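Hi there,

Here is the structure I promised to pass on. Have a look at it first, and my notes on what turned up in it follow below.

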Amino acid sequence: MTSSLLRARPRRAVVLAGAVLATLLTPALASAPAHADHAGDEPGPINAASTNGWWNRGVAWREEFEAPYTGQMGPQWQPSGLGQVWHQNGMLTLNTTSQGSLSATLAGPGAEVGRWETRLRSRQYGRGNGRYRVLAELVPAAGAEQNCGGRNISMVSYTPNASTAHVYARTLPDVAHRASRTGMDLGADRWHTYAVEVTRERVSWFIDAHVVFTENRADLVSGVPLTVRFTMEAKPDRAMNVSRMQMDWVRHWTLEAPNTLSVDAPPTRAGVYNKSC
């Protein structure tokens, strides 16, 4: 797909072309080893799935954002907000305007538990205005009540060019668990992989193939089916620095394959999310 097929339309999101439909995995792809990932700067082929044995079995679906697609066509990425959402050079791309948030949500039934991972980068073009927040989250699926983010689980949250990546898990009525990973290079177009594993008993977060936090508190798991949403979040009523985020791929596994490495890691911090509704 070339850039001429989809152009920015100010003040509303662009609907993705059919080639950006999420693809259900064929049996041949289900057994694909980690070296099937895209080439380029690490991390990429090295990710939580290849490091922890998730590839062995249990792939629910994978979206590589490449054409031509093979296999059965799945649900669509649904845009919302101001700016442009499109399939660009083998990546799902969100281009913002100078105001307002922009997101792309994967349609479909979602899953209550499993493992989700993405390879993501971002870039800020302007300076002097508000800074967008880059969000890769699991959110209630299939039209379920969103509760103003009160049941979201993040794969990552950060501002472009920062050095700290944040993670969280929220459940109703106002429970929030948070943690932060410092010392990262989140500058322009720096690739990183982010994953989250949600079981009935715990949530574990992975950055660049390494488990960084594990929380065993039962109140983290909401029991609602979850789907993937990518967001460039603006500050209310602020002029923003034009920015973009790009996803090289996003994948979902069941819990069928046991972790081949320990998921022991520091816990998160318990707190309150006061925006639940």
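Among contacts in the protein chain with a separation of 6 or more, 74% are between residues 24 or more positions apart, a contact being heavy atoms within 4.5 Å. Please keep in mind that this is a predicted model, where local features need pLDDT of at least 70, side-chain atom pairs count only at pLDDT 80 or more, and totals for chains, interfaces and linings use all residues. Residues are numbered from 1 along each chain as its sequence is written, and side-chain values use heavy atoms, with hydrogens and water left out.

The protein chain has two helices and 16 strands; these are DSSP runs numbered from the N terminus, helices being H or I with at least four residues and strands E with at least two. Of its 277 residues, 53% are buried (buried is under 20% relative accessible area, exposed over 50%, partly exposed in between, with a 1.4 Å probe and protein chains only). The chain exposes about 11700 Å², and carbon and sulfur atoms supply 51% of that area (Shrake-Rupley method with a 1.4 Å probe; for residues, only the protein chains shown count as cover).

Now for the spaces. The largest pocket holds about 660 Å³. On a 1 Å grid over the protein atoms alone, a pocket is an open set of points with protein on both sides within 12 Å along at least five of seven lines, a cavity is a set where a 1.4 Å probe fits but cannot get out, and lining residues have an atom within 4 Å of a point. Points are joined across faces, edges and corners, and a volume is the space filled by probe spheres set on them. The pocket has 27 lining residues, with Leu135, Tyr168, Arg170, Glu233 and Tyr273 nearest its centre. Strands E5 (102-106), E7 (133-140), E9 (165-171), E10 (175-181) and E14 (226-233) each give two or more residues to this lining. By class, the lining has eight nonpolar, 11 polar and eight charged residues (Ala, Val, Leu, Ile, Met, Phe, Trp, Tyr, Cys and Pro are nonpolar, Asp, Glu, Lys and Arg charged, and the others, Gly among them, polar).

There are also two cavities of 30 Å³ or more. The largest cavity has a volume of about 50 Å³, and its lining includes Glu112, Arg151 and Arg170. That lining divides into six nonpolar, two polar and three charged residues.

What does the one disulfide join? It links cysteine 148 to cysteine 277, S to S 1.8 Å (the cut-off is a pair of cysteine sulfur atoms within 2.5 Å). Cysteine 148 sits in the loop between E7 and strand E8 (153-158) and cysteine 277 in the segment after strand E16 (269-272), so the pair ties together parts 129 residues apart in sequence. The S-S torsion is about 90 degrees, so the disulfide is right-handed. Cysteine 148 is partly exposed at 41%, while cysteine 277 is exposed at 52%.

Finally, some backbone details. Most residues other than glycine have a negative phi, and most peptide bonds are trans. The bond from leucine 172 to proline 173 is cis, with omega near 5 degrees, and proline 173 is in the loop between E9 and E10. Asparagine 89 has a positive phi near 50 degrees and is exposed at 62% relative accessibility. Aspartate 189 has a positive phi near 60 degrees, but aspartate 189 is buried at 18%.

Best wishes
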